[in-house]
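Reader: Could you walk me through this structure? I'd like to begin with a charged side chain and then move on to the core and the strands.

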Amino acid sequence: MPTTITHEAPDAPDAQILIDELDEALEDLYPRESRHGYSVDKLLAEGIPFFVLRVDGIPAACGGIKLFGTDYGEVKRMYVRPAFRRQGLSRLVLEHLAAFARQNGVHRLRLETGIHQKAAIALYEGWGFRPIPPFGDYREDPLSLFYEIDID
């Protein structure tokens, strides 16, 4: 199963498909005010580096990272299509985002995820992320969890 990860614009066709699928999946789980994912327009406007992972040329997963200087990088819009789950692809995306952060002088990752994302929570905690209070522009939300990890 040959995999590739490429840096792409969030409005590229494959990236857009993945983001739309993610939005659709979250729609049934959380009210609008508890969905904090950036829109494609906001990803573009803020110049968020965005990556698409393909398996045998098929878009399977994605993720972005917003760099806050060298203080930290925030994982954004990470998603693996259901047909490709349980194959270690989320780890590949996370490793790629961490490597990108380190290449840019960033040694800490942070993220927000929803309480219903059990597989994501298991991934992040298994990877060593630890719970933190809300950061940046986030506020307390009973449907959100916040994490960080040092990636030295």
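Author: Asp141 is buried (under 20% relative accessible area, with exposed meaning over 50% and partly exposed in between, for a 1.4 Å probe and protein chains only), yet Asp141 has no salt bridge, and Arg35, the nearest side chain of opposite charge, is 9.8 Å away. A salt bridge here is a side-chain nitrogen of Lys or Arg within 4 Å of a carboxyl oxygen of Asp or Glu, and for charge Lys and Arg count as positive, Asp and Glu as negative, while His and the chain ends are not counted.

Reader: Before I go on, what kind of model is this?

Author: This is a predicted model, in which local features need pLDDT of at least 70 and side-chain atom pairs count only at pLDDT 80 or more, whereas totals for chains, interfaces and linings use all residues. Residues are numbered from 1 along each chain as its sequence is written, and side-chain values use heavy atoms, with hydrogens and water left out.

Reader: OK, which side chain makes a polar contact with the side chain of Asp141?

Author: That is His36, at 3.5 Å; a polar contact is a pair of N or O atoms within 3.5 Å, where within protein one must be able to donate a hydrogen and the other to accept it, and residues adjacent in sequence count only if both atoms are side-chain atoms. Leaving aside neighbours within four places in sequence, Asp141 is in contact (heavy atoms within 4.5 Å) with Glu33, Ser34 and His36.

Reader: Switching topic, how many residues are in the largest nonpolar core?

Author: It has 28 residues, and Met78, Leu94, Leu109, Trp127 and Phe129 have the most contacts inside it. Such a core is a set of buried Ala, Val, Leu, Ile, Met, Phe, Trp, Tyr and Cys residues joined through side-chain atoms within 4.5 Å.

Reader: And which element gives the most to this core?

Author: Helix H3 does, with seven residues; helices (H or I, at least four residues) and strands (E, at least two) are DSSP runs numbered from the N terminus. A second, separate core of 15 residues includes Ala12, Ala15, Leu22 and Cys62.

Reader: What about E3, and how does it pair with E2?

Author: Eight of the 11 residues of E3 are buried. E2 and E3 pair in the antiparallel sense over six bridges, pairing being at least two DSSP bridges between two strands, and E3 is also joined to E4 by seven bridges, again antiparallel.
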